[in-house]
Amino acid sequence: MNFDGIWVPIVTPFDDANRIDYPALTGLVDLLVEQGVHGLIVGGTTGEYYALDHAERLATISAVVDHLATLGQRSIPVIAGINSTTTDESLALGKAARDAGVDGILVAAPFYSHPTQDELRAHIERIDDAVDLPIMLYNFPDRTGVPMSLELLDALRARPNVQAIKESTGSIERLHALATEHADHLQLCCGMDDQVLEFFVWGARSWVCGAGNFLAPEHVALYRSCVEEKNFIAGRELATRLLPMLNLLEQGGKFCQSIKAGCELVGHPVGPTRAPLLALAEDERRELAAIIEMLRRHDR
């Protein structure tokens with residue numbers, strides 16, 4: 001599978017009664033397609049998968065896949081996040097997502113249980129055996145509590161479905177190792193927004209970017225400059241303009257809340273985050289609005 005491009009981990013909109021707002025979800029899909037993103041991820045961290053029950057997770061996957069089909073846009077691939085606390089739940093989600101028509105799955109370490117590397121390998125291999133779809137690994141130990149070691153990645157070389165890794169550690173040393181020692185079997189995907197330029201310089205050709213929910217054109221432009229045109233001077237200028245936003249998201253401690261507030265600020269409201277996450281404080285919202293306005297003023 002080709003994972004090149006801008007992949008947006010789409011938010012899960014909620015209405016005032018805290019139910020999934022499917023018209024808002026499909027409306028956001030329409031907008032992202034129009035703005036030229038290359039792929040969508042449903043059920044990622046940005047989509048608050050941990051706050052959805054099993055039926056809601058499957059319903060959002062089906063809603064996105066089915067809506068793209070009605071648009072004649074199934075050339076835009078969809079990946080389903082299937083992370084859970086147990087292997088059995090991830091297997092159930094993966095099989096149902098496959099049956100719904102997704103193109104691949106996003107696999108992270110089960111959170112809270114802290115599996116060893118051997119246990120994590122067994123978890124990934126069981127999913128691969130049962131689901132048989134292209135896999136993007138998701139290495140985010142700050143969220144899951146468990147890293148995906150380089151030795152684990154070596155052990156997965158014999159698995160042709162394990163094709164990409166979204167790297168979210170923030171370690172430049174690890175970025176170098178992935179770009180030099182694992183590029184032969186894993187497509188490298190930026191999962192650390194404030195390091196995107198470094199990822200592109202080191203050969204990454206994809207970016208999973210939460211702010212793409214409300215700033216997709218800027219993300220697509222940066223991708224085109226760095227990956228398609230190899231123009232890193234222009235890319236650095238674009239990254240410099242985006243950096244205040246990317247720093248706020250990665251270092252501000254309110255990632256999902258900021259993404260949803262950003263959607264509302266650009267005119268595409270998607271509702272609140274589910275508890276325990278709360279809305280941004282007024283000063284935080286003003287800071288986010290000022291950064292967005294600065295970006296949009298420059299684009300005009």
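Predicted model: local features only at pLDDT ≥ 70, side-chain atom pairs only at ≥ 80, totals over all residues.
Helices (H or I, at least four residues) and strands (E, at least two) are DSSP runs, numbered from the N terminus. Asp 88 counts as exposed at 54% relative accessibility, whereas Arg 126 is partly exposed at 43%. Buried means under 20% relative accessible area, exposed over 50%, and partly exposed in between (1.4 Å probe, protein chains only).

The structure holds 15 salt bridges. One of them joins Arg 121 to Glu 125, the closest N and O atoms being 2.9 Å apart. Both residues lie in helix H4, 4 residues apart, which is about one turn of the helix. Glu 125 is buried, with a relative accessible area of 18%, and Arg 121 is partly exposed at 34%. Through salt bridges that share partners, Arg 121, Glu 125, Asp 128, Asp 129 and Arg 159 are joined into one network. A further salt bridge connects the side chains of Arg 98 and Asp 99 (3.3 Å, N to O). Arg 98 is partly exposed, with a relative accessible area of 31%, while Asp 99 is exposed at 60%.

Helix H4 (residues 117–131) also forms a right-handed β-α-β unit with strands S4 and S5. A crossover is right-handed if, with the strands pointing away from the viewer, the path from the first strand over the helix to the second runs clockwise. S4 (residues 104–108) runs parallel to S5 and is joined to it by 4 bridges; two strands pair if DSSP finds at least two bridges between them. Ile 105 stands opposite Ile 135 of S5. S5 is also parallel to strand S6 (residues 162–167), with 5 bridges between them, and Met 136 has Ala 164 of S6 as its bridge partner.

Strand S5 (residues 135–139) is largely enclosed by the rest of the structure, because 5 of its 5 residues are buried. In a regular strand the side chains alternate between the two faces of the sheet. In S5, Ile 135, Leu 137 and Asn 139 are buried on one side, and Met 136 and Tyr 138 are buried on the other.

Residues are numbered from 1 along each chain as its sequence is written, and side-chain values use heavy atoms, with hydrogens and water left out. Local features need pLDDT of at least 70 and side-chain atom pairs count only at pLDDT 80 or more, whereas totals for chains, interfaces and linings use all residues.

Technical notes
Salt bridge = Lys/Arg side-chain N within 4 Å of Asp/Glu carboxyl O.
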